[in-house]
Amino acid sequence: MLRFDRDFTFEGSEAQHRVMEEAFAVVTEEHKGRIGYYDLPEGSQSLVEAAKALETQNSLLASGAVTDIAVIGIGGSSLGIKAVDSLLASRGTKKRALHFFENSDPIDITRTMAKLTKEKTLFIVISKSGGTIETTSIFKTLIAHFGLELEGADRERIIVITDKGSGLSQFGDAYGLGQYNIPDNVGGRFSVLSAVGIIPLTLAGYDTAALLEGAGSFLGSFFGGKEQHLLEKACFLYEHEREQSINVLFSYANDLENFTKWYVQLWGESLGKIDAMGSHVGMTPVGLIGSVDQHSFLQLLIEGPKDKTVTFISIEDFGVPLTIPEISLKHIEKTDFINGKSFNTLINAQCAATRESLVRSGVPTDGIVIETIDAPSVGAMIIYYELLTSLVGAMLLVNTYDQPGVELGKVILYETFTDKG
């Protein structure tokens with residue numbers, strides 16, 4: 001399903017083993033209940049069944065009238081869903097298309113609304129806190145634009161996903177809307193395997209049971225002591241946090257772009273903190289897509305400051321047998337060496353060549369190979385990065401699961417619109 005390798009050197013010293021053992025003890029303790037994302041691969045299986053039951057209980061879904069799902073949410077309420085949707089969309093037939101309302105950009109909101117009609121759309125509003133300004137503002141806009149009747153026939157057309165008891169939860173209760181709750185101990189950016197992702201992805205037609213099984217299998221393997229490479233990578237990143245403070249994820253497939261964006265939020269918001277000693281710590285995540293960014297970022301990686309580590313993600317089998325034709329063009333015959341080869345072969349050769357160029361330039365790299373894109377492998381990728389984030393957070397002595405730095409901007413925004421000055 002997934003294969004891992006690395007080019008950086010890891011000595012495995014006594015001190016490093018102590019760091020890894022302490023971090024493993026921390027996440028093991030978290031797994032006992034304080035942090036809830038560890039429980040989602042098993043616990044969310046009931047949500048898969050609940051979503052399937054909704055297919056028959058909701059008259060709009062049962063009739064086949066709904067062909068589109070509008071997901072209204074931002075950050076952790078949308079990035080993970082988009083990541084899974086992007087990766088699995090071309091690997092099977094979806095029942096319904098997902099459309100994302102996740103930014104205050106009026107052009108994007110207007111453009112996305114134009115793709116939808118009320119009669120064919122199910123609206124899913126997602127906010128863990130229940131009061132996210134972007135989400136509530138867009139939801140109000142959709143109510144007005146589509147003439148949604150909250151007290152009438154459109155009740156079945158709206159689902160809310162939020163913390164139990166939040167403002168959005170109370171709103172859902174007041175109008176008798178379908179509602180799914182996020183566990184209190186699951187943070188937004190760790191919530192893709194909760195109702196946040198499982199409900200819309202199941203209704204879209206994806207095999208979310210297999211997604212959860214893939215995540216659960218890797219999770220069990222890790223806690224069973226079979227994924228030592230993950231602890232060693234976390235330790236390496238922790239030890240080099242100061243001198244190699246930029247972590248690049250170089251993903252060789254366009255379908256990995258949204259996964260890469262999900263990683264950027266997970267890594268940056270979880271680890272950029274003030275640690276237990278009062279020091280500012282954290283590593284900057286950068287997401288790149290190959291082979292496109294070979295032509296925009298590679299020069300900096302090779303000859304720029306040696307302050308980066310790079311992880312390469314590649315897909316072994318794209319499942320598309322597209323080949324380069326046996327055509328020779330005058331004056332550009334030098335590219336004929338690739339004629340007759342598949343694009344699958346080309347992009348993976350580009351990935352390998354780029355990685356080797358970095359290794360020769362002294363840049364620490366490692367690789368993840370996805371043998372073929374399917375629901376279990378995507379689930380495993382999700383839990384892999386969540387575990388890696390938790391391990392590095394434990395080593396850095398930060399609270400991996402809060403985001404106090406985000407709150408100031410919210411306060412200033414509120415003051416901007418409420419200060420009568």
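Biologist: Is Thr400 buried or exposed?

Modeller: Thr400 is buried, with a relative accessible area of 3%. Buried here means under 20% relative accessible area, exposed over 50%, and partly exposed in between (1.4 Å probe, protein chains only). One caution: this is a predicted model, where local features need pLDDT of at least 70 and side-chain atom pairs count only at pLDDT 80 or more, while totals for chains, interfaces and linings use all residues. Residues are numbered from 1 along each chain as its sequence is written, and side-chain values use heavy atoms, with hydrogens and water left out.

Biologist: Thanks! Where does Thr400 lie?

Modeller: Thr400 is in the loop between helix H15 (375-396) and helix H16 (404-418). Helices (H or I, at least four residues) and strands (E, at least two) are DSSP runs, numbered from the N terminus.

Biologist: And what is Thr400 in contact with?

Modeller: Leaving aside neighbours within four places in sequence, Thr400 is in contact with Arg189, Phe190, Ser270, Lys273, Thr389, Ser390, Gly393 and Ala394. Contact means heavy atoms within 4.5 Å.

Biologist: Switching topic: how many residues of helix H9 are buried?

Modeller: In H9 (residues 195-204), 10 of 10 residues are buried. Just after H9, Gly205 takes a positive phi of about 110°.

Biologist: Which residues have the most contacts inside the largest nonpolar core?

Modeller: Those are Ile161, Leu203, Phe259 and Tyr385, in a core of 108 residues. H15 gives the largest share of this core, 15 residues. A nonpolar core is a set of buried Ala, Val, Leu, Ile, Met, Phe, Trp, Tyr and Cys residues joined through side-chain atoms within 4.5 Å.

Biologist: What does Ile161 touch?

Modeller: Not counting residues up to four places away in sequence, the residues that Ile161 touches include Ala195, Val196, Ile199 and Pro200, which are buried residues of H9.

Biologist: Now the sheet. What is the strand order?

Modeller: The order is S3-S2-S4-S5-S6, an open sheet of 5 strands with parallel pairing. Two strands pair if DSSP finds at least two bridges between them. The edge strands, S3 (97-101) and S6 (178-182), each pair on one side only.

Biologist: How many bridges join S5 to S6?

Modeller: There are 5 bridges between S5 (residues 158-163) and S6, which run parallel. Asp163 has Ile182 as its bridge partner in S6.
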